[in-house]
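Take a look at the model below.

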Amino acid sequence: MPKPEPRPRICDYEGSNYRTEFWEGKGRNYEDLVERIALRRLLPSQGRRLLEVGAGFGRLTSEYDAYDQVVLMDYSFSQLRYAQDQLGTDDRYVYVAADAYHLPFRPGVFDGATIIRVIHHMADVESVLGQVRRSLIPGGVLILEYANKRNLKAMYRFSRGLQSWNPYDLDPVEFVELNFDFHPGYMRLKLEEAGFAMKRSMPVSFFRVGALKDRVPTGFLAGLDGLLQLTGLHYTPSVFTKNIAVGNSPNNINHLSLFVCPSCGEELTRIGNTMMCKACNQRWAIRDGIYDFKAPLED
Ligand SMILES: C[S@@+](CC[C@H](N)C(=O)[O-])C[C@H]1O[C@@H](n2cnc3c(N)ncnc32)[C@H](O)[C@@H]1O
């Protein structure tokens, strides 16, 4: 059996109340709306198969109707279970519990991918972007959202000595454990190194200020944000980018099986509700219609 590689730390949402404690009734309709505006601008008008990295409870999955199939991938089984309850078990949706650092997908089975509100939890950005690039066909589209360290609030606080970290230097800042803000220059570089060409970058969430959101109608604020997204003023807390996978790599978009062993990369055979790797003998469960690649089954 191959020796497991050391794993980066993971921000574990298993069993968390992310949906009810962060979104529903929590005054974030504005954030949700402006993210949808940005996504609609950046997503291609049609596609075959989209990988939603860190899909969570499927908050944004309804935006991916242009794709024939959507693979919701998340480390949290409970988030996926909720998504499945909402979206159903139709073949259009595939639910995969897995670690973004060890994706269980055959190279080149996706022509689209999104990473929204996820990379800010990643201690090893290079590795995640590399995994996603490998899963995409050449010419595939990645929409990546990241938390921007060079935002107006951080710039102000730094100038007044209220914050120790410098919003202008390129290195990511981990301001709370497993919560990172990134500089736009850093993210551009990492995307390029992973084999992506950035085609567009848009500042999003100009008005993420409680007092403003309380006083101004959400639709108006979101509409204004939509206009400002076109200005290129990258001083917002969130940035959306559109990137194209470049270079030579496999195209398996028509392959019938999506998965390979996340441990050794070899073929998997389905036996009942188990995916079996003949190369390393590891077995992976399918539980209630959710492929579970978080950890192999014990013998
Ligand atoms: C803030 S939530 C965002 C969910 C969704 N993208 C949204 O915008 O509503 C972050 C998600 O990333 C997932 N996540 C964090 N680390 C992960 C990893 N290493 N592999 C897969 N998913 C991960 C968490 O389980 C969580 O569902």
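Where is the place of Val 96? In this predicted model, Val 96 belongs to strand E3, residues 93–97. Val 96 has 23 other C-beta atoms within 10 Å. The cut-off for burial is 20 or more, so Val 96 counts as buried. Leave aside neighbours within four places in sequence, and Val 96 is in contact with Val 71, Leu 72, Met 73, Pro 104, Tyr 291 and Phe 293. Ser 76 is 20 residues from Val 96 in sequence, and their C-alpha atoms are 9.4 Å apart.

Now widen the view to the core. The largest nonpolar core has 70 residues. Leu 72, Val 96, Ala 113 and Leu 142 touch the most other members. Strand E5 (residues 136–147) gives the largest share of this core, 8 residues. In soluble globular proteins, nonpolar side chains tend to be buried together. Beyond four places in sequence, Ala 113 touches residues including Leu 50, Leu 51, Val 53, Val 132 and Leu 142.

Turn to helix H8, residues 218–228. Its buried residues are Leu 221, Ala 222 and Asp 225. Down the axis of H8, these fall within an arc of 95°, so they line one face of the helix. An α-helix has 3.6 residues a turn, so residues three or four places apart point the same way. The buried residues of H8 pack against helix H2 (29–42), strand E8 (196–204) and helix H7 (210–215). The face turned away from that buried side carries exposed Gly 219, Phe 220 and Leu 227.

Last, the ligand. It is surrounded by 20 residues, the closest being Tyr 13, Gly 54, Gly 56, Tyr 75 and Ala 100. By class, the shell has 11 nonpolar, 5 polar and 4 charged residues.

Definitions and conventions:
Residues are numbered from 1 along each chain as its sequence is written. This is a predicted model: local features need pLDDT of at least 70, side-chain atom pairs count only at pLDDT 80 or more; totals for chains, interfaces and linings use all residues. A residue is buried if 20 or more other C-beta atoms lie within 10 Å of its own, exposed if 12 or fewer, and partly exposed in between; C-beta atoms are placed from the backbone. Helices (H or I, at least four residues) and strands (E, at least two) are DSSP runs, numbered from the N terminus. The arc is that of the directions from the helix axis to the C-beta atoms. Two residues are in contact if their C-beta atoms, placed from the backbone, lie within 7 Å. A residue is near a molecule or strand if its C-beta atom, placed from the backbone, lies within 6 Å of it. Ala, Val, Leu, Ile, Met, Phe, Trp, Tyr, Cys and Pro count as nonpolar, Asp, Glu, Lys and Arg as charged, and the others, Gly among them, as polar. A nonpolar core is a set of buried Ala, Val, Leu, Ile, Met, Phe, Trp, Tyr and Cys residues joined through C-beta atoms within 7 Å.
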